[in-house]
Amino acid sequence: MMMQDASPAASIFESVPRSAEGHFLLHFYAVIARLLANLSMSEVGKQQVEQFPFLASYQARLNTYLPHGLSPTTEGTWWDTQLASWEAQTPEHLPLRALVDEVGLSMHEVRLVIAAGLVEEDIRFGALFASLQEPLTAR
């Protein structure tokens with residue numbers, strides 16, 4: 001018998017409302033998880049995480065969902081699987097799902113839309129992104 005390394009999305013995301021807002025939140029967290037995983041894989045990225053302590057609060061929140069021992073390289077796949085499971089159990093209209101089903105965007109493209117709006121949700125991401133681009137002589 002094979003052990004699963006994660007609980008079903010229904011129990012993991014039990015506290016997340018089955019609504020457009022809840023769906024957005026899960027995608028928002030999935031994008032941040034990918035960002036943090038990528039930062040954790042380099043010394044420069046680790047320095048950025050230390051320089052911006054607000055990221056620790058996001059990591060702590062994400063850790064409440066992530067199974068123990070999951071590597072940064074597999075977190076993205078884990079989020080994709082859990083989101084797909086959550087969506088399959090949610091009959092309500094979800095605008096982000098409609099972008100895939102009705103408009104034809106890929107999940108990668110949906111994540112790019114969410115990533116582009118991170119600064120709108122939390123302005124501190126602006127400082128992080130500016131720091132990641134240094135030295136930048138003009139904007």
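The structure is a prediction, in which local features require pLDDT of at least 70 and side-chain atom pairs count only at pLDDT 80 or more, whereas totals for chains, interfaces and linings use all residues. Residues are numbered from 1 along each chain as its sequence is written, and side-chain values use heavy atoms, with hydrogens and water left out.

The protein chain contains nine helices and zero strands, where helices (H or I, at least four residues) and strands (E, at least two) are DSSP runs numbered from the N terminus. The radius of gyration, taken over C-alpha atoms, is 16 Å, close to the 14 Å given for 139 residues by the globule rule, so the protein chain is as compact as a globular protein of that length. The globule rule is 2.2 Å times the number of residues to the power 0.38. Along the principal axes, the C-alpha atoms fill a box of roughly 50 × 40 × 25 Å.

Of the 139 residues, 38% are buried, that is, under 20% relative accessible area (1.4 Å probe, protein chains only). Contacts, defined by heavy atoms within 4.5 Å, were also examined along the sequence. Among contacts with a separation of 6 or more, 70% join residues 24 or more positions apart.

In soluble globular proteins, nonpolar side chains tend to be buried together. The largest nonpolar core of this model has 32 residues; such a core is a set of buried Ala, Val, Leu, Ile, Met, Phe, Trp, Tyr and Cys residues joined through side-chain atoms within 4.5 Å. Phe13, Trp79 and Phe125 have the most contacts inside the core. At least two core residues are supplied by each of helix H2 (20–40), helix H4 (54–63), helix H5 (72–88), helix H7 (107–116) and helix H9 (124–132). The largest share, 10 residues, comes from H2.

Phe125 is one of the buried residues of H9, together with Leu128, Ala130 and Ser131. Beyond its neighbours within four places in sequence, Phe125 is in contact with Ile32, Leu35, Phe54, Leu55, Tyr58, Leu118 and Val119. The cover over the buried residues of H9 includes H2, helix H3 (43–51), H4 and helix H8 (118–121).

In helix H6 (residues 95–103), the buried residues are Leu96, Arg97 and Ala98. Their cover includes H2, H5 and H7. After H6 comes Gly104, which has a positive phi near 95 degrees.

Note on methods. Buried < 20%, exposed > 50% of the residue type's maximum accessible area, 1.4 Å probe, protein only.
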